[in-house]
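Hi there,

Here is the structure I promised to send you. Have a look at it first, and then read on for what turned up.

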Amino acid sequence: MEKILIVGYVWPEPNTTAAGERMLQLLELFLSHNFEVHFATSAVKTEYSTNLEALGVHCQAITLNSDTFDSYLQRLNPDVVVFDRFMLEEQFGWRVREQCPNALRILNTEDLHSLREARQIAHKKKHPFKLQDWYTHPKTQREIGSIYRCDLTLLVSDYEMQLLQQEIGIQPDYLLQLPFLIRPQTQVTPTFETRKDVVTFGNGKHGPNVDSITYLKEEIWPLLRQKLPKNTKLHVYGAYLPQRVQEWHNPKEGFLVHGWVKDLKDKVQQARLVVAPLRFGAGIKGKLSLAMECGAPSITTKIGVEGMGDPKNWPGSIGNTTQEFVDEVIRFYQDEKLWQEAQEKGFQFLKNHFDKAKQSQKFLNTYHNIQENIVSHRAKNIIGNLLHSNSLNATKYMGKWITEKNKGNR
């Protein structure tokens, strides 16, 4: 049985974040194909953390900048190591390469952090985003470096796949688009007539989500209230919502901030529409795939649909200005035929782009191909080999220095 070690950024919280749900999907993929799965992290568990041990995952607390991780690697001797986000590869990748040189190294990106943050900066400055902003962002070189140092990088977004290949020149052999892994929809969902209101949801620690809620509160909802049927409400769900967002709860205005709920899926199935006016971000959006699973058409933006498949066949609509967004919400909220067509598109969209069996097999095929040809695969990665050279290993030697410093403080 092959051993796979996942070095986690946080303990997975599938009920609070799309990243948490994504990690749980990966864990289930590995477990279902007979990997012995180990999860190690320096993070602290929260009330929302999933009980990984109950799933059959071996868990280990680890410490940053400590030789104890080297000893752990030597004992475990994994066949595969997955770094959850580039910061973990920077911190632990060189240790894995030294202690387990034959282990396949995989980077799980969730999204390109540098792209998301560059877009956020441009939005705050009220400047149109340009790729130049991404090229010059301080995290871009770090993230690209991590990609080159790994044998394979998992990306959820087809846009980011194209970006890395066309703009950076990374060869496709080292990249794999592996989006959300979702089983085909079979459940009959509530009908148009029995649904009411609109919902939005997202983790409050994620900047794009907070900005989206702010946009709804300040600009979109006041216009929608004037045109939607009387007593229609907007429901806001999500863990870790900032205090200022919680204070926007106002039943008189129909703006209801609920915070975290245990069964978000049930709430979405009761709603007629999901709204996600995202103005910046990266990766693909779990809130929109969940809307499809729940049979709720979604109104979003070009950022919302980016990387998720054919935007011309979106199960809902796209509005990139305030007025466009408001008009599309009203149209889909009131037109039953249009709504039903969008719902069916959503079910088909999931099948076409996120089918769990098909996507899982794609990963396994890629994994086995690299594993069987690992020597030539690594030999062709010239830039990755350069980044492993001593002269370019700043993070490694900083880590070694901190490790020795910490020893002296004991």
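L386 is found in helix α18, which covers residues 382-387. Please keep in mind that this is a predicted model.

I382 lies in helix α18 too. Is I382 buried or exposed? Its relative accessibility is 53%, and a residue counts as exposed when that value is over 50%, so I382 is exposed. Together with I383 and L386, I382 forms a nonpolar patch on the surface. The accessible area of these three residues together is about 280 Å².

Now for helix α16, which runs over residues 356-372. Helix α16 has 17 residues, and the distance from its first C-alpha to its last is 24 Å. That is close to the 24 Å expected at 1.5 Å a residue.

Which residues of α16 are buried? They are K356, Q359, S360, F363, L364, T366, Y367 and I370. Looking down the axis of α16, you will see these buried residues fall within an arc of 165°, so they line one face of the helix. On the face turned away from that buried side, α16 carries the exposed residues A357, K358 and E372.

The N-terminal end of α16 is worth a look as well. D355 caps this end, with a side-chain oxygen 3.4 Å from the backbone nitrogen of A357.

Last, a distance you can check on screen: the C-alpha atoms of I382 and Q361 are separated by 28 Å. Along the chain, these two residues are 21 residues apart.

Enjoy exploring!

Best wishes

Notes. Residues are numbered from 1 along each chain as its sequence is written. This is a predicted model: local features need pLDDT of at least 70, side-chain atom pairs count only at pLDDT 80 or more; totals for chains, interfaces and linings use all residues. Side-chain values use heavy atoms; hydrogens and water are left out. Patches are made of residues with over 30% relative accessible area and no salt bridge: like charges are joined within 9 Å, nonpolar side chains (Val, Leu, Ile, Met, Phe, Trp, Tyr) within 5 Å. Accessible areas come from the Shrake-Rupley method with a 1.4 Å probe; for residues, only the protein chains shown count as cover. A salt bridge is a side-chain nitrogen of Lys or Arg within 4 Å of a carboxyl oxygen of Asp or Glu. Helices (H or I, at least four residues) and strands (E, at least two) are DSSP runs, numbered from the N terminus. The expected span of a helix is 1.5 Å times one less than its number of residues. Buried means under 20% relative accessible area, exposed over 50%, partly exposed in between (1.4 Å probe, protein chains only). The arc is that of the directions from the helix axis to the C-beta atoms. A polar contact is a pair of N or O atoms within 3.5 Å; within protein, one must be able to donate a hydrogen and the other to accept it, and residues adjacent in sequence count only if both atoms are side-chain atoms.
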